[in-house]
Amino acid sequence: MASATAAGDAAPPDVRLGPSPLLEVSDLRVTFHSRAGNVYAVQGISFSIEPGQTLAIIGESGSGKTVSAQAMMAILPRTAHVTGSIRFNGEEMVGRSERELRDYRGRCVAMVFQNPERSLNPTMRVGSQIAEAITTHLPLDRKQAHERAIELLRMVRIPAPERRFYEYPHQLSGGMRQRVVIAIALACGPAVLIADEATTALDVTTQAQIMDLLLDLQEETGTALLMISHDLGLAASYAEDVIVMYAGKVVERAPTKELFAGVRMPYTQALLDAIPRIDTQPHVLLPVIGGRPPDLSVIPAGCPFAPRCPEVQQDCRDQAPPLKQHEPERWWACWHPYRKGAGQ
Amino acid sequence: MSTSASVQSVSRSGSAFARRLAGSPALRLSGRRLLSAIPVLWGVTLLSFLMLNALPGDAASALLGINATPAEIRSFSIKLHLNEPLWTRYGHWLAGVLTGNLGTSLASPQSVASIIGQRLPVTLELVIYALIITFVVSVPLAVLCARWPRGVIDQSSLVLSMASISVAPYVLGLFLVILFAVHWSIFPAIGYTSLGASVAGNLHTMTLPSIVLAIPLIGFYTRFLRADLVEQMQSEDYVVTARAKGVSEWRILTRHALRNSFIGLLTVIGLNLATLIGATVIVEEIFSLPGIGFELLNAISNRDVPVVEGIVLVFGIAVVLANLATDLLYGVLDPRIRHVRARS
């Protein structure tokens with residue numbers, strides 16, 4: 001206990017699972033500098049993704065999950081300061097030149113965004129937007145790129161792809177647009193696909209269709225899938241492993257089945273409790289997580305969740321618990337975790 | 001029987017063509033706009049008629065000069081129908097306009113229509129030439145500024161733009177005449193060669209006036225386009241999508257953001273065109289170009305009401321047509337507008 005430094009989990013544990021990680025993030029920190037002060041959006045997270053794996057990063061807004069994804073894509077704005085390491089196939093990507101990163105984006109790691117209403121250029125035909133993703137990385141001519149774009153449209157199950165190629169984004173429904181965004185992401189066969197709240201803006205039926213499509217495509221192409229979401233329920237249905245983030249840190253990590261068999265970290269439990277269930281009594285208020293989301297401009301001495309935690313004790317306020325492996329394949333950062341099977 | 005059938009089909013396809021033409025959104029928009037312009041144009045001519053009437057002096061005394069006797073002036077007034085009541089004169093003029101007759105100049109035997117026919121091409125060329133110069137300079141400059149916001153190019157262009165917007169056209173005109181005509185003798189200070197006589201000679205005489213007209217526009221459009229481009233690059237999701245594809249910043253600027261920013265710029269140009277047409281009056285006077293603005297100033301000092309009214313009408317029509325062209329261009333630039341129009 002006393003060995004942990006005041007700043008938190010300064011020495012991250014090795015959270016490697018398989019033999020050869022495809023994407024390895026270690027002690028990633030992202031700080032936004034501004035005149036108003038610094039915002040510590042990501043405070044030292046570590047994890048890795050194996051080829052073909054489906055991993056979910058779960059957290060509420062401001063937990064640093066999207067910023068982490070943007071760091072992995074190297075598309076953070078210039079005001080962001082990134083330290084730590086992001087290795088793709090063993091190659092360090094942090095600190096690379098813009099030219100090298102351009103080569104990496106879209107080809108090695110690709111991303112599906114949250115809002116299909118806005119993530120496509122309204123003045124450009126969808127086909128051209130897909131073809132652009134292809135010709136950026138592959139030495140194909142116009143005609144070949146056109147054929148490949150139609151193939152991709154067919155792959156994401158868009159009917160009449162030859163006609164859709166020439167349409168503009170506003171002529172497509174939200175679900176169709178998200179399919180186009182997925183086609184763009186898959187254009188160059190990336191090894192890792194990051195889906196950042198990819199279904200949040202869609203209605204429930206479309207949401208399920210898009211998730212099923214993503215999993216099917218993952219199977220077809222063998223790409224690893226990193227789902228970023230606030231929805232623990234979504235992760236439960238689709239991901240193999242779950243990472244829970246809070247205040248820029250990983251607070252719990254486990255294989256999905258084990259996580260739902262017994263949550264350790266009170267924050268994860270609070271997230272679970274906030275999911276509406278079919279057997280909940282009508283007109284009963286859903287439990288919400290009390291208090292405010294953490295202020296990321298100050299690093300607290302203790303556990304960042306302490307002010308909102310139902311299990312809080314004095315030592316939580318004094319010292320932040322480090323993320324440690326407590327059981328095979330299970331990590332958590334908590335001084336007073338729930339016992340196995342308890343807290344449900 | 002077969003003949004009648006074919007005739008029928010021809011007439012049917014003919015009417016289908018007519019229906020499609022009538023149903024063309026661009027055509028319907030144009031029709032609506034031109035109809036709604038009629039009261040505006042009428043109001044403008046009435047206002048200028050009243051204002052001209054409120055000015056001291058009339059055409060008879062202005063044309064005869066200060067040495068004319070009151071008797072001479074009176075008889076000349078009767079000859080020009082200036083002794084008739086205001087409303088009779090306006091009604092007479094309006095009746096003429098409605099039958100396609102703009103009347104005859106009071107100062108010369110020429111018809112107003114022929115004066116406008118002679119003078120209008122000069123002004124049109126001036127406006128078009130100035131707009132071409134504006135675009136050739138401000139579009140690349142704005143892209144350069146937006147590529148490195150707050151960089152050296154951006155900051156120096158900001159200073160120059162502010163200067164070019166602040167300086168009055170007559171000061172700028174005289175300054176450029178001193179520099180380019182008097183000091184370096186690159187361009188003539190005054191004079192005009194028609195396009196028909198010599199293209200090179202025409203450009204030689206028109207370049208300096210067009211630059212004077214263009215400079216404030218360059219400053220304004222560069223700043224506007226630059227601001228819009230930076231906004232697109234910083235806050236639009238489709239830009240993030242393009243970055244995530246691995247597309248270079250240059251290509252995102254020129255292929256993605258520029259077209260979207262043109263939509264905003266178009267609004268400004270539409271609002272600005274009336275001011276531009278007004279500025280031609282001053283520039284033509286400075287460079288003694290025989291354009292319509294030059295003629296307008298002459299006609300006002302001669303109290304040559306039919307010519308003034310005719311030119312005011314032409315200016316009004318020009319503004320209406322320019323705004324219509326702007327609106328039609330929206331549809332070309334923005335596929336969303338095109339399709340909404342087609343549906344309504």
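## Overall build of chain A

For its 344 residues, a compact globule would have a radius of gyration near 20 Å, and chain A agrees with that, having 21 Å. Keep in mind as you read that this is a predicted model. The C-alpha trace of chain A spans about 65 × 50 × 45 Å along its principal axes.

Within chain A you will find 11 helices and 12 strands. Buried residues make up 45% of the 344 in this chain. If you take the contacts in chain A between residues at least 6 apart in sequence, 68% of them join residues at least 24 apart.

## Where chain A touches chain B

Let's turn to the contact between the chains, which takes 26 residues from chain A and 18 residues from chain B. On the chain A side, the elements that give two or more residues are α2 (98–104), β6 (109–112), α3 (126–137) and α6 (174–186). Of these, α3(A) gives the most, with four residues. By type, the chain A side divides into 11 nonpolar, nine polar and six charged residues.

## A stop at A:L172

Is A:L172 buried or partly exposed? A:L172 counts as partly exposed, because it has 18 C-beta neighbours inside 10 Å, while a buried residue needs 20 or more.

Leaving aside residues up to four places away in sequence, A:L172 touches A:V126, A:E167, A:R177 and A:V180. A:E117 lies 55 residues from A:L172 along the chain, and the C-alpha atoms of the two are separated by 9.7 Å.

Definitions and conventions: Residues are numbered from 1 along each chain as its sequence is written. Chains are lettered from A and ligands numbered from 1 in the order in which they are written. This is a predicted model: local features need pLDDT of at least 70, side-chain atom pairs count only at pLDDT 80 or more; totals for chains, interfaces and linings use all residues. Two residues are in contact if their C-beta atoms, placed from the backbone, lie within 7 Å. Ala, Val, Leu, Ile, Met, Phe, Trp, Tyr, Cys and Pro count as nonpolar, Asp, Glu, Lys and Arg as charged, and the others, Gly among them, as polar. The radius of gyration is taken over C-alpha atoms; the globule rule is 2.2 Å times the number of residues to the power 0.38. A residue is buried if 20 or more other C-beta atoms lie within 10 Å of its own, exposed if 12 or fewer, and partly exposed in between; C-beta atoms are placed from the backbone.
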